[in-house]
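Student: Let's go through the labels on this one. I'd like the cut-off behind each, not just the name.

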Amino acid sequence: LGDRPVAAFDLCDEGPQLADYLPQFTTIADINDIRGQMAFFERLIAENEGAKIIDVSHRIFKNFFTIAQKISLFEEARRHCIEPLILFVIDADPKSPEVYATIRRWFPEASLLPVRNMAKTIAISTRDTPPKARTAPASLEVPLLSFSLRALIDRQNFSLSEFWRAKPANLPDA
């Protein structure tokens, strides 16, 4: 929004991928070897303006956060005046609350925001959230979408930024 620069990185190995929806902003990255890790993480910390978004699939999730912990990614980001925000999508998997708590323990200085899809909601305990963080919104709620809106958003060429600029004529205000 606001034509600010953005760089997106797709670590997913299955479709649909972020690169499928935003190819003009997205680089597909591979962190399965040292060379790929160095190239990827150096680019994250590079001195430039704009937001950086990383889409991490469930298959690469553990590897990404293990590397991030080993190289002190979040501390290094802060030294470069980058404020990391982890959006953790909660799902019905019984391991979801456990993984959320692990990320909270490993990265206590990081901003961690659970994202709740109201179509598939479960609870996460607030005891794993530090008191300071409890003053912020407890989670980002993704409401149930109407059938027509869901059909529009599910299109591969759908863009929220384009939608923001010019709402489609055939979409009711509600």
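Student: Where does S72 sit?

Tutor: S72 is in the loop between α3 and α4. Those names are DSSP runs numbered from the N terminus: helices are H or I with at least four residues, strands are E with at least two. Before we go on, this is a predicted model: local features need pLDDT of at least 70, side-chain atom pairs count only at pLDDT 80 or more, and totals for chains, interfaces and linings use all residues. Residues are numbered from 1 along each chain as its sequence is written, and side-chain values use heavy atoms, leaving out hydrogens and water.

Student: Why does S72 count as partly exposed?

Tutor: Its relative accessibility is 29%. Buried means under 20% relative accessible area and exposed means over 50%, with partly exposed in between (1.4 Å probe, protein chains only), so 29% lands in the middle class.

Student: And what is the phi of S72?

Tutor: Near 55°, which is positive, in a residue other than glycine. Most residues other than glycine have a negative phi.

Student: Where is C81, and what is its phi?

Tutor: C81 lies in the loop between α4 and β4. Its phi is positive too, about 60°, and C81 is not a glycine.

Student: What makes C81 exposed?

Tutor: C81 comes out at 75% relative accessibility, so it counts as exposed.

Student: How many helices and strands does the chain have?

Tutor: There are 7 helices and 6 strands. Along the sequence they run β-α-β-α-β-α-α-β-α-β-β-α-α.

Student: On to the rings. How many aromatic pairs are there?

Tutor: A search of the whole structure finds 11.

Student: Why is the pair of F9 and F40 called edge-to-face?

Tutor: Ring centres of Phe, Tyr and Trp (its six-membered ring) must lie within 6.5 Å to pair; planes under 30 degrees apart count as stacked, over 60 as edge-to-face, and the rest as tilted. F9 and F40 are 5.5 Å apart centre to centre, with 85° between the planes, so they are a pair and edge-to-face.

Student: What does the pair of F9 and F40 tie together?

Tutor: F9 is in strand β1 (residues 6-10) and F40 in helix α2 (residues 34-45), so parts 31 residues apart in sequence are tied together.

Student: Then what makes F65 and F107 tilted?

Tutor: Their centres are 5.7 Å apart and their planes 50° apart, so the angle falls between the stacked and edge-to-face limits. This pair links distant parts of the chain, 42 residues apart: F65 is in helix α3 (residues 61-70), F107 in the loop between α5 (96-106) and β5 (111-117). F65 and F107 are both buried.

Student: Which rings join into a cluster?

Tutor: Ring pairs connect F9, F40, F41, F61, F64, F65, F74, F88, Y100, W106 and F107.

Student: What makes something a nonpolar core, and which residues have the most contacts in the largest one?

Tutor: A nonpolar core is a set of buried Ala, Val, Leu, Ile, Met, Phe, Trp, Tyr and Cys residues joined through side-chain atoms within 4.5 Å. The largest one has 24 residues, and I31, F40, F41 and F64 have the most contacts inside it. The elements giving it two or more residues are α2, α3, α4 (73-79), β4 and α5.

Student: Which residues does I31 touch?

Tutor: Not counting residues up to four places away in sequence, I31 is in contact (heavy atoms within 4.5 Å) with L11, G36, Q37, F40, F41, I60, N63, F64 and I67.

Student: How do you know that Q37 is buried?

Tutor: Q37, in helix α2, has a relative accessible area of 17%, so it counts as buried. Leaving aside neighbours within four places, its contacts are D30, I31, N32 and I67.

Student: What share of the chain counts as buried?

Tutor: Of its 174 residues, 29%.
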